[in-house]
Amino acid sequence: MTTRRIAVVSAGLSNPSSTRMLADRLAAETVKALAARDIEASVDVIELRDYAHDITNNLLTGFAPPALETAINTVVSADALIAVTPIFSTSYSGLFKSFIDVLDPDALTGKPVLIGANAGTARHSLAIDYAIRPLFAYLHAEAVSTGVFAASSDWGGAGDDVAPLARRVEKGAKELAEAIARQDSTAVADPYDPATYLGEGRSFGHMLGGLAGE
Amino acid sequence: MSEQSGAQAMQFGIMSVSDITRDPTTGVTPSEQERIKATLAIATHAEEVGLDVFAIGEHHNPPFWSSSPSTFLAALAARTERLIVSTSTTLITTNDPVRIAEEYAMLQHVSDGRMDLMLGRGNTGPVYPWFGQDIRQGLPLAIENYALLHKLWREDVVDWEGKFRTPLQGFTSTPRPLDGIAPFVWHGSIRTPEIAEQAAYYGDGFFANNIFWPKEHYQRLIELYRQRYAHYGHGTPEQAIVGLGGQVFMAAKSQDAVNSFRPYFDNAPVYGHGPSMEDFTEMTPLTVGSPQQVIDRYAAMREHYGDYQRQLFLIDHAGLPLKTVLEQLDILGSEVVPVLRRELAKDRPAAVPDAPTHAARVAAEFGDGPTRQARPGANRGDNLTGDSPYQDTPAPAGAAFGLSRKEA
């Protein structure tokens, strides 16, 4: 049995939060789908509310306070990301975007991502595809084609009875599990390894090009 | 030759970013003239209290005044006798390396070798287009421009072709470096491994900002620089030349320092309105408290980074008035630096080199022999013929018409 690590970022602002409820469902279903493929997965949940002040401080000073740095490392070193945000004014929440903004722009390159979002009504459901998905496309992350949107009514009796929330969660989780299974376990390149910035077996002379006669 | 005093294991000094900031306690913003003269007063006082180095940043936009560091440093060198004047940083990306070679060789002559410089890429995005460069080329510019600068100080006649600058044919950068020794260069960096690599490749100094971020960032950079310094054959990792920034605010009673500095911290352009002063002092080398607290914090730097050669403090920013900064210098000079000198000298391995000085570099190159005194050859309108436009002194017998030492 191989093992993988999934990071869950939940940008809900209240506690308890329906954003977190959706995040937990997506995570649990993904772990289940991976287990069916004989892959064991652990889950680390990052509640951005807990880091709201640190995220603002990072924006102002340019570095992450220790707790936030640990959270960032958890996210960028994970094999996959489940990202769930409430929809505010037709888009991801400001806190969610601020967290993305303190990540290195290359940090999510190639990482499988399952996008989740929630809002009061189903009229916001396209926000995943016109606002959140482009963000991950910009970051060169590999967002799976199903994004899971939950309206308030999905949690009660009046939800979508053609494709109920549970079925959508299952579909998104299955796609993420497939993406994880396809990828090798994540190895994060060490930025302080000369091979990372010079290229394997190369020296500074190569960066100088013809200037150093190499 | 330099008039500098003898070798020192470590150099202590101050660095200024040249900000003109409103004093939040009085609401007063100094004029450019007031702040420039105040900085001259601060820098000359640094020598009076026994510090070794003053370094000035380079900026080309308000609220900063230091667009022309070499001019400022020449005036400072003329007002001082022992102080090493330096930069923090000189922009290797947007300055023409030919102008850097010329201006700082000139500074080297007029200061009798009491200078070095720190190169950096700068942190103001628009400065690139203002000087006709592309910020996306920041790193390639830093690498190519320094390669040219390095060559201009070491070869009398340079042919050059690169990506970023007009090619040079038979160009001589004047004046030639004092005594035939190029100014010492520190490569300054906040987080770029390639710059640590560059410093290591040339065997130059590496200066870690050590102000903005937690020490763990700088530890990895400095460790990389030390390893690569050895990799390129300049010595052991412990023999690499390391400088560190830092920032402090002191008062005899710790709580007085905290109370006095807090309004400046809370409104400072770089960290104001963000983390609390307590959080920031815990996460970064900023130390606000008694002189003993500063001593304890900075005596521990070599445990984090290894034995090092230069420590520069930022003390004159965020709108602090001149009087306060001069008092800070008095405390640094009388109570802090003498103790740090002793503490950091304890058990310092003999193999760890002293801080670089012009005199030491001249001695390493020429021993007790005569240094190079470049004299242009007589009646020579061009420098395209022969292998040098200079005849050096002591002039070899029969020297004439640009005859070089080698030819004689």
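In which loop of chain B is the place of Pro63(B)? Pro63(B) sits in the loop between β2 (53-56) and α2 (69-79) of chain B, where helices (H or I, at least four residues) and strands (E, at least two) are DSSP runs, numbered from the N terminus. The structure is a predicted model, in which local features need pLDDT of at least 70 and side-chain atom pairs count only at pLDDT 80 or more, while totals for chains, interfaces and linings use all residues. Residues are numbered from 1 along each chain as its sequence is written, chains are lettered from A in the order in which they are written, and side-chain values use heavy atoms, with hydrogens and water left out.

Most residues other than glycine have a negative phi, and most peptide bonds are trans. Pro62(B) and Pro63(B), however, are joined by a cis peptide bond with omega of about 10°. A cis bond also runs from Ser88(B) to Thr89(B), with omega near 10°; Thr89(B) belongs to the loop between β3 (84-87) and β4 (90-91) of chain B. In chain A, His140(A) is not a glycine, yet has a positive phi of about 60°.

The two chains also meet. Their contact (heavy atoms within 4.5 Å) takes 21 residues from chain A and 31 residues from chain B. Together the chains bury about 2100 Å², 71% of it on carbon and sulfur atoms; buried area is the accessible area (1.4 Å probe) that two parts lose on being put together, summed over both. In chain A, Phe63(A), Tyr192(A) and Phe204(A) lose the most area to chain B, together 37% of what that side buries. On the side of chain A that touches chain B, α2 (52-61), α3 (66-76), α7 (194-198) and α8 (204-208) of chain A each supply at least two residues, and α8(A) gives the most, with four residues.

A further feature is the second largest pocket. On a 1 Å grid over the protein atoms alone, a pocket is an open set of points where a 1.4 Å probe fits, with protein on both sides within 12 Å along at least five of seven lines; lining residues have an atom within 4 Å of a point. The second largest pocket is lined by 29 residues, and Arg154(B), Ile181(B), Ala182(B), Arg361(B) and Glu365(B) lie nearest its centre. To this lining α13(B) gives the most, with five residues.
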